[in-house]
Amino acid sequence: MNSKPRFEEIAQILDQLIEEIPEIYLRGLNGGIILSEEILYHPQGKNQDLLIMGQYQVSPLGRMIVLYYGSIYARHRFTPHQALVEALRDLLHHELTHHLERLAGENDLALEDMRQIEDYQASRKEENE
């Protein structure tokens with residue numbers, strides 16, 4: 001059995017999706033788009049129930065998008081191919097929007113992400129009451 005089920009499928013889908021993106025939107029993304037093998041959990045999650053699927057990162061090494069295969073696989077292990085394509089497209093566009101907003105000096109999507117975490121925390125609190 002392949003130790004990385006669906007890894008090659010996901011990598012190929014991402015390569016195709018990246019090809020769909022106009023070059024102008026990739027400007028300044030000098031660290032590229034990376035598919036990491038990691039599974040990453042959000043620190044605000046409880047019992048590893050909140051996966052981080054991808055991140056836009058700015059560091060001294062540059063600006064990059066990191067997508068986490070382990071997290072993607074955990075969530076989409078049984079997702080049919082076409083639905084997986086759409087989920088990956090949404091994920092890639094989400095992280096690319098972080099990049100474009102950062103270049104424009106905006107942070108609307110980051111604020112929306114924070115609101116979603118707050119909603120998650122509120123729902124977890126209600127479950128425990």
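**Reading the model**

Reply: The protein chain has five helices and five strands. Helices (H or I, at least four residues) and strands (E, at least two) are DSSP runs, numbered from the N terminus. This is a predicted model, in which local features need pLDDT of at least 70, side-chain atom pairs count only at pLDDT 80 or more, and totals for chains, interfaces and linings use all residues. Residues are numbered from 1 along each chain as its sequence is written, and side-chain values use heavy atoms, with hydrogens and water left out.

Me: In what order do the elements of the protein chain run from the N terminus on?

Reply: The order is α-α-β-β-β-β-β-α-α-α. Along the principal axes, the C-alpha atoms of the chain fill a box of roughly 50 × 45 × 25 Å.

Me: How do I read a sheet, and which strands make up the open sheet here?

Reply: Strands of a sheet pair through backbone hydrogen bonds, either parallel or antiparallel. Two strands are taken as paired if DSSP finds at least two bridges between them. Here, three strands form an open sheet in the order β1-β5-β4, and the pairing is mixed. β1 (32-36) and β4 (54-59) stand at the edges with a single partner strand each, so one side of each has no neighbour in the sheet. On average, neighbouring strands of this sheet are turned by 25° against each other, direction ignored. Axes for such angles are lines fitted to C-alpha atoms, for helices over the stretch in contact, and angles run from 0 to 180 degrees between N-to-C directions.

Me: How many bridges join β1 to β5, and how many pair β4 with β5?

Reply: β1 and β5 (residues 62-68) run parallel and are joined by five bridges. Ile-33 stands opposite Ile-65 of β5, and Ser-36 has Tyr-68 of β5 as its bridge partner. β4 and β5 pair in the antiparallel sense over six bridges. A hairpin of two residues joins β4 to β5, and Ser-59 has Gly-62 in β5 as its bridge partner.

Me: Is β5 largely enclosed or largely open?

Reply: Relative accessible area sorts residues: buried means under 20%, exposed over 50%, and partly exposed in between (1.4 Å probe, protein chains only). Six of the seven residues of β5 are buried, so the strand is largely enclosed by the rest of the structure.

Me: How do I check the length of a helix, and what span should α4 have?

Reply: The expected span of a helix is 1.5 Å times one less than its number of residues. Helix α4 (residues 81-104) has 24 residues and should span 34 Å; its end C-alpha atoms are 34 Å apart, which agrees. Its buried residues include Leu-84, Leu-88, Leu-92 and His-98. Gly-105 follows α4 and has a positive phi, near 75°.

Me: Which residues other than glycine have a positive phi?

Reply: Most residues other than glycine have a negative phi, and most peptide bonds are trans. Among the residues with a positive phi are Asn-47, at about 55°, and Gln-48, also at about 55°. Asn-47 is found in the loop between β2 (40-41) and β3 (51-52), and Gln-48 is found in that loop too. Asn-47 is exposed at 72% relative accessible area, and Gln-48 counts as exposed at 56%.

Me: How many salt bridges does the structure hold?

Reply: Side chains of opposite charge can pair when their charged atoms come close. A salt bridge here is a side-chain nitrogen of Lys or Arg within 4 Å of a carboxyl oxygen of Asp or Glu. The structure holds five. In one of them, Arg-89 pairs with Glu-86, the closest N and O atoms being 2.7 Å apart. Both lie in helix α4, three residues apart, about one turn of the helix. Arg-89 counts as buried at 19% relative accessibility, whereas Glu-86 is partly exposed at 34%. Another salt bridge joins Arg-6 and Glu-9, also with 2.7 Å between the closest N and O atoms.
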